[in-house]
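This report walks through one protein model, from its overall make-up down to single residues. Please keep the sequence and the coordinates open beside the text.

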Amino acid sequence: MVKALALLLGVVLPVSACGSDGSAGLPDDAVVTYQFNDASVPPQYHRSYLVTVTRGETSIVVDSYGEVLAEEKTATPDAVWDDLSSGLAAIEALDPRDSEDGCVGGTSVDVAVVSQKESIVDFYVPECGGSNEDAGQAVQQWIAPARDLFPPMSELAPES
């Protein structure tokens, strides 16, 4: 009886550890990138940035039309990696669309999650005229724990 119970637990626990949606989260070798592309505004106000997260390190690079204004790196806390991992299924489910009216000068984000084995997420979220507002907010909330490892933009790359 004890052997049967141990065998049953050995089979059931590993299967349920993957989560009810079948998503296993981020692989340990994953690289998460989040690129915010600012609107077309004068250089003194334009701030685009790239956040790159691995299990060991998170970095941010802030630029204005190709000129690097700030670059910082820090260790990735386990809690940040866990937050990104647990939110991955919701990000995978997003389906951003281009605005039917077109858009010039809006903001956008590029999101990618890759591991050595495969591309897990790769999409572009243009935000203009209210299009993709929900998707944009979902992605910002998801990446926030990593972005929040760094000072606010007003300190990282103050307007000139």
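T76 is in contact (heavy atoms within 4.5 Å) with V53, T54, R55, G56, E57, T58 and W81, leaving aside its neighbours within four places in sequence. The model is predicted: local features need pLDDT of at least 70, side-chain atom pairs count only at pLDDT 80 or more, and totals for chains, interfaces and linings use all residues. Residues are numbered from 1 along each chain as its sequence is written, and side-chain values use heavy atoms, with hydrogens and water left out.

**Around T76**

T76 sits in the loop between strand 4 (67-75) and helix 2 (78-92). Helices (H or I, at least four residues) and strands (E, at least two) are DSSP runs, numbered from the N terminus. Is T76 buried or exposed? T76 counts as buried because its relative accessible area is 7%. The cut-offs are under 20% relative accessible area for buried, over 50% for exposed, and partly exposed in between (1.4 Å probe, protein chains only). T54 is 22 residues from T76 in sequence, yet their C-alpha atoms are 7.1 Å apart. The T76 side chain also reaches the backbone oxygen of E57, at 3.1 Å.

**Overall make-up**

The protein has 4 helices and 6 strands. Along the sequence they follow the pattern α-β-β-β-β-α-β-β-α-α. Of its 160 residues, 34% count as buried. Take the contacts between residues at least 6 apart in sequence: 56% of them join residues at least 24 apart.

**The nonpolar core**

A nonpolar core is a set of buried Ala, Val, Leu, Ile, Met, Phe, Trp, Tyr and Cys residues joined through side-chain atoms within 4.5 Å. The largest one has 31 residues, and Y34, V111 and W142 have the most contacts inside it. Elements giving two or more residues to this core include strand 1 (31-37), strand 5 (107-114), strand 6 (119-127) and helix 3 (133-147). Helix 2 and helix 4 (153-156) are also among them. What does V111 touch, not counting residues up to four places away in sequence? The partners of V111 are T33, Y34, I91, V121, D122, F123, V139 and W142.

Helix 2 has 15 residues and spans 21 Å from its first C-alpha to its last. That is close to the 21 Å expected at 1.5 Å a residue, where the expected span is 1.5 Å times one less than the number of residues.

| Helix | Bend and residue | Buried residues |
|---|---|---|
| Helix 2 | about 35°, S86 | V80, W81, L84, S85, G87, L88, I91 |
| Helix 3 | about 30°, Q141 | A135, G136, V139, W142, I143, A146, R147 |

In helix 3, a proline, P145, follows the bend within four residues. The buried residues of helix 2 pack against strand 2, strand 5, strand 6 and helix 3. An α-helix has 3.6 residues a turn, so residues three or four places apart point the same way.

S85 lies in helix 2. S85 counts as buried because its relative accessibility is 16%. Leaving aside neighbours within four places in sequence, S85 is in contact with A24, G25 and L26.

A138 lies in helix 3. At 25% relative accessibility, A138 is partly exposed. A138 touches I91 and L94, not counting residues up to four places away in sequence.

**Salt bridge and loops**

How many salt bridges does the structure hold? The structure holds 1 salt bridge, defined as a side-chain nitrogen of Lys or Arg within 4 Å of a carboxyl oxygen of Asp or Glu. The side chains of R55 and D28 form it (3.7 Å, N to O). The pair links distant parts of the chain, 27 residues apart. R55 is in the loop between strand 2 and strand 3, and D28 in the loop between helix 1 (2-16) and strand 1. R55 is partly exposed at 34% relative accessible area, whereas D28 is exposed at 59%.

Y65 belongs to the loop between strand 3 and strand 4. Its phi is near 50°, a positive value in a residue other than glycine. Y65 is partly exposed, with a relative accessible area of 47%.

Terms used
A polar contact is a pair of N or O atoms within 3.5 Å; within protein, one must be able to donate a hydrogen and the other to accept it, and residues adjacent in sequence count only if both atoms are side-chain atoms. The bend at a residue is the angle between axes fitted to the seven residues ending there and the seven starting there.
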